[in-house]
Amino acid sequence: MKILGAALLSLIGAAAAVPATARPSSSESTNTSVASSAADFARADGLLFNIDGSTGYYAGTNSYWISFLTNDADVDLALDELAAAGHRILRVWGFNDVTARPGAGTVYFQLLSRAGSTINTGADGLQRLDYVVAAAEKRGLKLIINFVNNWGDYGGMAAYVTAFGGTQQTWYTNTAAQSQYRAYIKAVVSRYADSPAVFAWELANEPRCNGCATSVVTDWAADTSAYVKSLDPAHMVTLGDEGFGLGGGDGGYPYQRAEGLDFAANLAVDSLDFATFHLYPSSWGTEYDWGNSWIEAHGKACAAAGKPCLFEEYGSERDHCGIESKWQTTALSTEGVAGDLFWQLGTTLSTGLTHNDGFTIYTGSSEWTCLVTNHVAAIK
């Protein structure tokens, strides 16, 4: 999901206003948990997911902001609410890229520069993600941790372009950008490779390469996912795309390959363990009811490939319960779809309500009852 910048700055400011709880310093090679066996880790099991030895369909949500919070109690509150609701998977931003050092107390993970990039492992850096991983592990929650953003929010590919030149289209093949991207991947993966809290590593949030040959993204995904597997063969890896370029369907924009994506080709990459797809009809020029066929089409493709699909992001800008509950029902009944994560988690922190982008579902609301409580009950 692309997030509006003004709301991001507001959230960063609120989070930075609360001091971080002091913890021992950590280095890039520090793991947040004792060594675990591969049997403790989430995995694909046929067309479903296996978590803690149980194979099935799993529900969850997205929180781009949780790894940037500076108050540990706020992290604990949000994760406690998810665990109590029966959610098992939370997708978080594992990136926060800047091209100029921000003011004191502002969380950032990586400073990008042609003259020499640095990865921030301090209290206002990856130690914030450390706390999220450790807190999730205590609660039995599983995290999808993303490495870079297609959009400019929290730096993303645009920050690499600023630092290393080129364009967003050439980012995938820019040697300097890819070298630093891999350095960052290594720094993050090495911290949490032993943690059962990691559900999967994700290459990018909604990668696109508008006007490119689809081989650009597919080749990059194959090479990068193989690199991640070389660092951590025990955890799953996924692409993080929106599911574009599936072909067929009604022939509309999302099914086409204009954004440089070929869903079937990406699904066939051996080192990608499962596929992802998103759903935002109001942003794509389609109708809300159209979403049901979009879900079914991706489930069919995943079933044919023998890999699970994760319905990783979805949202409507009105009638959240009426529209999105139908999508949930379709996903749950579609072979090949193994879970869904709505966009996005909303709650009340020490600084007030979290960001409402029009898609947010707040804990304790009637929408939460509809899309979380009732959905989890239907899965059981």
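**Helices side by side**

In this predicted model, helix α3 (residues 126-139) and helix α5 have axes that come within 11 Å and cross at roughly 35°. That crossing is right-handed.

**Where α3 meets α5**

- From α3, the contact uses L126, Q127, L129, D130 and V133, while α5 brings Y184, V188, R191 and Y192.
- Sorted by class, the residues in the contact of α3 with α5 are 6 nonpolar, 1 polar and 2 charged.
- Two packed helices are described by the angle between their axes and the distance between the axes.
- R191 sits in helix α5. Is R191 buried or exposed? Its relative accessibility is 0%, so R191 counts as buried.
- R191 and V92 are 99 residues apart along the chain, and their C-alpha atoms are separated by 16 Å.

**Where α5 meets α6**

- Helix α5 also packs with α6, at an angle of about 35° and with the axes 10 Å apart.
- Here, too, α5 passes α6 in a right-handed crossing.
- On the α5 side you can pick out Q178, Y181, R182, I185, K186 and V189, which meet W220, D223, T224, Y227, V228 and L231 of α6.
- This contact of α5 with α6 divides into 7 nonpolar, 2 polar and 3 charged residues.

**The nonpolar cores**

- Which residues touch the most other members of the largest nonpolar core? They are I66, I145, W201 and W220, out of the 99 residues in that core.
- Helix α5 (residues 175-192) gives the most to this core, with 8 residues.
- A second, separate core has 13 residues, including Y58, F199, A200 and L341.
- If you set aside its neighbours within four places in sequence, I66 is in contact with V75, A78, L79, L90, V92 and V132.

**The chain as a whole**

- The chain contains 11 helices and 18 strands.
- Along the principal axes, its C-alpha atoms fill a box of roughly 50 × 45 × 45 Å.
- How does the chain's radius of gyration fit with a compact globule? For 380 residues, such a globule would have a radius of gyration near 21 Å, and the chain has 19 Å, which agrees.
- Of the 380 residues in the chain, 58% are buried.
- Among contacts with a separation of 6 or more, 76% come from residues 24 or more positions apart.

- Most residues other than glycine have a negative phi, and most peptide bonds are trans.
- D52 is a residue other than glycine with a positive phi, near 55°. You will find D52 in the loop between β2 (48-51) and β3 (54-56).
- E206 likewise has a positive phi near 55° without being glycine. Look for E206 in the loop between β10 (198-202) and α6 (214-231).
- Is E206 buried or exposed? With a relative accessible area of 2%, E206 is buried.
- What kind of peptide bond joins W343 and Q344? It is a cis peptide bond, and omega is about -5°.
- Q344 belongs to the loop between β14 (337-342) and β15 (345-346).

Conventions:
Residues are numbered from 1 along each chain as its sequence is written. This is a predicted model: local features need pLDDT of at least 70, side-chain atom pairs count only at pLDDT 80 or more; totals for chains, interfaces and linings use all residues. Side-chain values use heavy atoms; hydrogens and water are left out. A nonpolar core is a set of buried Ala, Val, Leu, Ile, Met, Phe, Trp, Tyr and Cys residues joined through side-chain atoms within 4.5 Å. Buried means under 20% relative accessible area, exposed over 50%, partly exposed in between (1.4 Å probe, protein chains only). Helices (H or I, at least four residues) and strands (E, at least two) are DSSP runs, numbered from the N terminus. Contact means heavy atoms within 4.5 Å. Axes are lines fitted to C-alpha atoms, for helices over the stretch in contact, and angles run from 0 to 180 degrees between N-to-C directions. A crossing is left-handed if the near helix is turned anticlockwise from the far one by less than a right angle, and right-handed if clockwise. Ala, Val, Leu, Ile, Met, Phe, Trp, Tyr, Cys and Pro count as nonpolar, Asp, Glu, Lys and Arg as charged, and the others, Gly among them, as polar. The radius of gyration is taken over C-alpha atoms; the globule rule is 2.2 Å times the number of residues to the power 0.38.
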